[in-house]
Amino acid sequence: MSAADKLLELMFSWIEDRERCAEKLRKLAGELESLREKCNAVECASSVVSVVGAASLIGAGVATVFTAGAAAPLLLAAGGVCSGVGVTVSVATKITEHFLSSDTLKEAQQIEENSNNIAKKIQKTYEQLKAQAKERSPIADPDEVDQHVMTEIVGAMARRSGLGQNIGFSAEFFSNPALGAKMMNQNANAAIAAGLTLEVSMSVVSILTFFSLKNGGKKLDILFAEGAKQLMKQVATTGFKTVLKGGAMVVGGAVGMGFALYEAIDSWTDLIKNNHVTEASQSLRDTAYDIRKISKTLRELFNEMREKFEELAEVKCIIENSDRSSAEKRKLIDYVIKMSQDEVVKEWLRENYESVAFFELVDMFNLLKQELDKEKHKTDREDIDITFVAHGAITGFMIPARCLLPLPSIKDVLLYSPWNCAINADVAYGIATGMIQPQNRRFFCTQQHCRIPDIFHQPSNLPFYWNSMNAAKEWMIPNINVSPLKASEDHAWDHFVFLRGRYGEPAINRVVIPFILPRWMSFVENIPFMIVTLTMSLVLFFSNYRATVHLSACLGRYEGEVLNQDYLSTQYAYTIDKTYMASSEEMYIHRNTDLYRAFKAVFG
């Protein structure tokens, strides 16, 4: 059992102990109330009964309550000899003695002691998780340790919900709390950020806050502060009733969400000694109520996570089973709509509920994941580079760049040509192999006898880097449509091409995916590239892989589409119509390969 799994087991054991303790206190309150009633009966029986006789009778009554009726005969005997005795005995003292010697109270104390021990183990196990993070990466800073710990805890909870080991809960969410804070401010509806729903992340930090498990770095301060705020809000709604002279204390070793039992016992004893048995009984009930409410709050936090993970488990099953029913397809689409952050993505999904291309892409990338698993023993890391090869064009409809990065299973999407620019086979080959560099770019007219000199096809202010969607998240970009390779082109391709140093840099895990659809789907003309990255990220989410996606496609505009040239030139770069990007001559030496010939068949 991993340290994270052990931590969860201890937390659940602690909750169970608190529930048992609450039940013991509730039972103890009943015993006191029963005893109080017997006392009242004695007081009403005769005004001439001596204090000693009454005390004897009460003593027998106490024994009856706290021994489950075994001393009942003593109650009758005491009544027969109670008169005429002149020694004064305090009724409150007798009740106090029996209260403190009650088996029920002793059981509650034992549970409290066990809870305290569990709480210490929780702290120790949490520190063990941190130590393991440092062992794995000795140079890790406190923020990176926090990220590791949080990711491990969430992964353990996912395993308890049947999701298995290979769920893509990335530490990136925990390294970007500003994103989480932004989502909270926007009240995002079940939005997924960095592999976790906001609800799940809040549940995690709320639980850790409850058990006084603190972050060691600074990046999670926002997240933990919000978690504490949410926890206090939830607990405040329970309506705590107990007030003790020491104020809010620790319950069972956890954070100040209740009261220390031993202090509570002192308070109840004082009440009984002062003949306030009814008040003591009510305080016992109130404390039991509060402890139950605390336990319920914690269970609800865990249940929220469990429900989310169980839903994910069902989605994972639908993704991996290509023989889906109509109901399962609808459920998958509904789930993706619910978790999507951007309205433009949601709108496309709503309008394309029956899209066969969407599910074909899901199956394509699920097959890729299976192939990656087969090849895993040959790879040197779980970060992979995926080149998606397709025909492409852009529209005048603008979308946020972040639409191409729906889940953290895609780290970045790189576009290579300026806007409104095509590419040739040399560039496409260089993109796939990772060989092309910014200094290799050359620009020409697509027409042989163009009247516009090539110098005017050169983009102005061309950046010396590729167009990263991760860097451009908040920028608006043209919607990119991709089209499948034609029948005359797809014969040149295997379904996937794995590159591990054969064509590019050594030890780089690269996969080339041609956009090929079955012949019967020839009616599919194009699909938004944001849907391609959505389906890819969704499938890879249920794995350990993190992909950088390289788009090998032309980005020229559709005829008649109106683009804001100045804006796109500022976002990255823009070329005039009928411009294509080529590569410098040093890349020509790699042309004699099957892969290059495959690209040549597509891009000419």
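Trainee: What share of the contacts with a separation of 6 or more in the protein chain comes from residues 24 or more positions apart?

Mentor: That share is 80%. Contact means heavy atoms within 4.5 Å. This is a predicted model, where local features need pLDDT of at least 70, side-chain atom pairs count only at pLDDT 80 or more, and totals for chains, interfaces and linings use all residues. Residues are numbered from 1 along each chain as its sequence is written, and side-chain values use heavy atoms, with hydrogens and water left out.

Trainee: Why are α13 and α14 called roughly antiparallel?

Mentor: Set the angle against the cut-off. The axes of α13 (residues 326-339) and α14 (residues 343-351) cross at roughly 160°. Angles run from 0 to 180 degrees between N-to-C directions. Under 35 degrees is roughly parallel, over 145 roughly antiparallel, 65 to 115 roughly perpendicular, and the rest oblique. Therefore α13 and α14 are roughly antiparallel to each other.

Trainee: Which residues meet there?

Mentor: Ile333, Val336 and Ile337 in α13 meet Lys346, Leu349 and Arg350 in α14. By class, four are nonpolar, none polar and two charged. Asp, Glu, Lys and Arg count as charged; Ala, Val, Leu, Ile, Met, Phe, Trp, Tyr, Cys and Pro as nonpolar; the others, Gly among them, as polar.

Trainee: What makes α12 and α13 oblique?

Mentor: Helix α12 (residues 277-320) packs on α13 at about 125°, with the axes 10 Å apart. So the pair is oblique. Their contact has six nonpolar, no polar and five charged residues.

Trainee: How much of the protein chain is buried?

Mentor: Buried residues (under 20% relative accessible area, 1.4 Å probe, protein chains only) make up 54% of the 604 residues.

How values were computed: Helices (H or I, at least four residues) and strands (E, at least two) are DSSP runs, numbered from the N terminus. Buried means under 20% relative accessible area, exposed over 50%, partly exposed in between (1.4 Å probe, protein chains only).
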